[in-house]
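The structure is shown below.

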Amino acid sequence: KDTTNQHLTAKVMMKFPNIKYIISENNCGAGTARNIAVKASKGKLITFLDDDDIYYPEKIAKQVSFIILNNVDICLCHMNLVNHGIEVFDQSYSFAKGNNLGDFLLKGVSFTPMIMLKRESFDKVGGFISTPKFQDHTLILKLLYAGYNLDILNEKLFDHNSYPIGRISNSKKAIKGYLIKHALENKICIDRGIDRKELLFNRALEIRYIIFDKYKFSYVIRFIL
């Protein structure tokens, strides 16, 4: 509230009276901000649009129809990865993956704008975890762990603009995000009797860039375990 960017945003939002603009007293992070927005909403279905993504005109209609026709709680769609206006091909994380708990633990891909879900299921699991990274991934883990059903709409329905430099998810704050995600995974595996061997291997790949950073080397063993 009352920052330069907030005042600039408020000025822009005056052009869009149909959009409810909520101002936080403090910078609360993406997960908490989304929870506040959902609480203020009235719809039976929820979806998310981040500032670095562009929906295709048919995205919302197609996901609504998919949820109704297939009687699912959560729908994920695919996306086009774009870097400075150029589509990036052969990126595995452009495709949503993992429509059950076991598969999602090992190979899940779920960017926030891929998600459309029933408001009731979002509320029942307590919404997003407050974490600097993996808000979308941990939300889907919680939903699947709670027994909600998910299916994937096999279409790319939005552009995700990828600018690796300067992203919160690539900053030092990301370390906390890895620890929160791994703690949730451990809880689920222990509770459901799931073997963590393959999951631990995935974690080693996931944090490989940290190994080359001497300032974070001490975190490597904590992440893997």
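Where is the place of L101? L101 lies in helix 4 (residues 101-107), helices being DSSP runs (H or I, at least four residues) numbered from the N terminus. The model is predicted: local features need pLDDT of at least 70, side-chain atom pairs count only at pLDDT 80 or more, and totals for chains, interfaces and linings use all residues. Residues are numbered from 1 along each chain as its sequence is written, and side-chain values use heavy atoms, with hydrogens and water left out.

L101 has a relative accessible area of 11% and is buried (under 20% relative accessible area, 1.4 Å probe, protein chains only). Leaving aside residues up to four places away in sequence, L101 touches L141, L144, Y145, I188 and R192 (heavy atoms within 4.5 Å).

Helix 6 (residues 135-145) is largely enclosed by the rest of the structure, because 10 of its 11 residues are buried. Among them are L141 and L144. Just after helix 6, G147 takes a positive phi of about 100°.

The packing of helix 6 and helix 7 (residues 174-192) is tabulated here.

| Item | Value |
|---|---|
| Angle between helix 6 and helix 7 | about 15° |
| Distance between the axes of helix 6 and helix 7 | 10 Å |

Helix 6 is therefore roughly parallel to helix 7 (angles under 35 degrees). Axes are lines fitted to C-alpha atoms over the stretch in contact, and angles run from 0 to 180 degrees between N-to-C directions. In this contact, H137, T138, L141, K142 and Y145 of helix 6 meet residues of helix 7 including I188 and R192.

Definitions and conventions:
Helices (H or I, at least four residues) and strands (E, at least two) are DSSP runs, numbered from the N terminus. Buried means under 20% relative accessible area, exposed over 50%, partly exposed in between (1.4 Å probe, protein chains only). Angles under 35 degrees count as roughly parallel, over 145 as roughly antiparallel, 65 to 115 as roughly perpendicular and the rest as oblique.
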